[in-house]
Amino acid sequence: MPLPPLATLRAFEAAARHLSFKRAASELAVTPTAISHQVRLLEETLGVRLFDRKPRQVTLTAAGQELYPTLRDGFAGFAAAIDRVKARKPQRGLTVSVLASFAAKWLLPRLGGFQAAHPDIHLRLHTSAEVVDLHSGMADAAVRYGRGPFPGMVVQTLFADRFAPVCSPMLNIQQPNDLRGQTFLHLEWLRRDEATPTWARWCKRAGLDDVDLSSGLSFSDDTHAIQAAIAGQGVVLASSEMVRSEIAAGLLVQPFGPVMEGHHYHLIHTGRSANIREVEAFGAWMADEIAKDGAV
């Protein structure tokens, strides 16, 4: 015997669970008359009464009591299976190549917001100082630092880097002349040009011509230089974006200028990635975050 129409079974199960046509109708977003019609159609199909109808209530007959548990468990099983299938829905992937320092100091503290806004995007960060060939498919997009150009790429300029001396407040540095005799923490830039923010260029701009910069500590990773400054081991010429949280927490201070502008950060991609929608979503989210910070 073929099964009765699913709509009749669903109406009966809801009415039997609530013992009310009205509440069943509210749950299924139909009218009580529609529930009554579906139940009556089921009764006619089965050839038995399923409810005893009274002026203000309905009760299950013996046949209704026998049918209800099976339908209840069946619909619960349907719902559980559907939930399991939905949970296995594949996530959309996005791989972004970034410098380790940018990931640690700017991106990672904010990533919770991206995941909350885009729970269907599985983000993978590829951290490397080496330039990734985006045409190879190793990454869908990259955050690059520099002036470019980036031929053949779609470029979204994020913000300009700015550099100034920062140090631990325990050093009690108040003015540029207090730098004399201090330990300078140097960053080892992979690529240097006339705009690279070095201590030599900063001292020239600040009018400190007789400061000995030959000694000090050198770091290939800015995050290590920042940690050394927090520990009071010297003064670092640091990116304001990379030390934003440390200054806000009072771990570091920027006692004076001048402030030197570095290069810009850019989000770049080929414009032809299979995950272009995910790349664009990531770019829009980054733009929103930068607007919140007031970074330009």
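Colleague: Is Thr-198 buried or exposed?

Modeller: Keep in mind that this is a predicted model. Thr-198 sits in the loop between strand 7 and helix 7 (199–206). Its relative accessible area is 16%, and the cut-off for buried is under 20%. So Thr-198 is buried.

Colleague: Which residues is Thr-198 in contact with, leaving aside its neighbours within four places in sequence?

Modeller: Thr-198 belongs to a loop that runs between strand 7 and helix 7. Leaving out the neighbours within four places in sequence, the contacts of Thr-198 are Arg-192, Leu-237 and Met-260.

Colleague: How many helices and strands does the chain have, and why is it called more spread out than a compact globule?

Modeller: The chain has ten helices and ten strands. For 296 residues the globule rule gives 19 Å, and the chain is well over that, so it is more spread out than a compact globule. Its C-alpha trace spans about 105 × 45 × 25 Å along the principal axes. The radius of gyration is 33 Å.

Colleague: What share of the contacts with a separation of 6 or more is between residues 24 or more positions apart?

Modeller: Start with burial: buried residues make up 40% of the 296 in the chain. As for contacts with a separation of 6 or more, the share from residues 24 or more positions apart is 75%.

Colleague: How much space lies in the largest cavity?

Modeller: Rolling a probe the size of a water molecule over the atoms shows where empty space is left. The structure holds one cavity of 30 Å³ or more. The space in the largest cavity is about 50 Å³.

Colleague: Which elements give two or more residues to the lining of the largest cavity?

Modeller: The lining consists of Leu-187, Asp-222, Ala-225, Ile-226, Val-236, Ala-238, Ser-239 and Met-242. By class, that is six nonpolar, one polar and one charged. The elements that give two or more residues are helix 8 (222–230) and strand 9 (235–239).

Colleague: What covers the buried residues of helix 8?

Modeller: The residues in question are Thr-223, Ala-225, Ile-226, Ala-228, Ala-229 and Ile-230. Just after the helix, Gly-232 takes a positive phi of about 80°. The cover for the buried residues of helix 8 includes helix 5, strand 6, strand 7 (184–187), strand 8 (217–219), strand 9 and helix 9 (244–248).

Colleague: Which residues does Ser-101 touch, not counting those up to four places away in sequence?

Modeller: Ser-101 lies in helix 5 (residues 100–107). Its relative accessible area is 8%, so Ser-101 is buried. Beyond four places in sequence, Ser-101 touches Trp-106, Asp-221, Asp-222, Thr-223 and Met-242.

Colleague: Which element gives the most to the lining of the largest pocket?

Modeller: The largest pocket has about 830 Å³ of space. Of its 35 lining residues, the closest to the centre are Leu-99, Tyr-145, Trp-189, Leu-190 and Arg-191. Two or more lining residues come from each of strand 3 (92–98), helix 5, strand 5 (141–146), strand 6 (154–166) and strand 10 (260–269). With four residues, the element that gives the most is strand 5.

Colleague: How many nonpolar, polar and charged residues are in the lining of the largest pocket?

Modeller: The lining counts 35 residues in total. By class, they are 17 nonpolar, nine polar and nine charged.

Colleague: Is Ala-29 buried or exposed?

Modeller: Most residues other than glycine have a negative phi. Ala-29 has a positive phi of about 60°, and it is found in the loop between helix 2 (21–28) and helix 3 (32–46). The cut-off for exposed is over 50%. Ala-29 has 69% relative accessibility, so it counts as exposed.

Colleague: Where is Asn-172 found?

Modeller: Asn-172 is not a glycine, yet its phi is positive, near 55°. Asn-172 is in the loop between strand 6 and strand 7.

Colleague: What is omega for the peptide bond that joins Gly-257 and Pro-258?

Modeller: Most peptide bonds are trans. Pro-258 lies in the loop between helix 9 and strand 10. The bond joining Gly-257 and Pro-258 is cis, with omega about 5°.

Key: Residues numbered from 1 in each chain as written. Predicted model: local features only at pLDDT ≥ 70, side-chain atom pairs only at ≥ 80, totals over all residues. Heavy atoms only, no water. 1 Å grid on protein atoms, 1.4 Å probe; cavity = no way out; pocket = protein on both sides within 12 Å on 5 of 7 lines; lining within 4 Å. Points joined across faces, edges and corners; volume = space filled by probe spheres on them. Nonpolar A, V, L, I, M, F, W, Y, C, P; charged D, E, K, R; others polar. Rg over C-alpha atoms; globule rule 2.2 N^0.38 Å. Buried < 20%, exposed > 50% of the residue type's maximum accessible area, 1.4 Å probe, protein only. Contact = heavy atoms within 4.5 Å.
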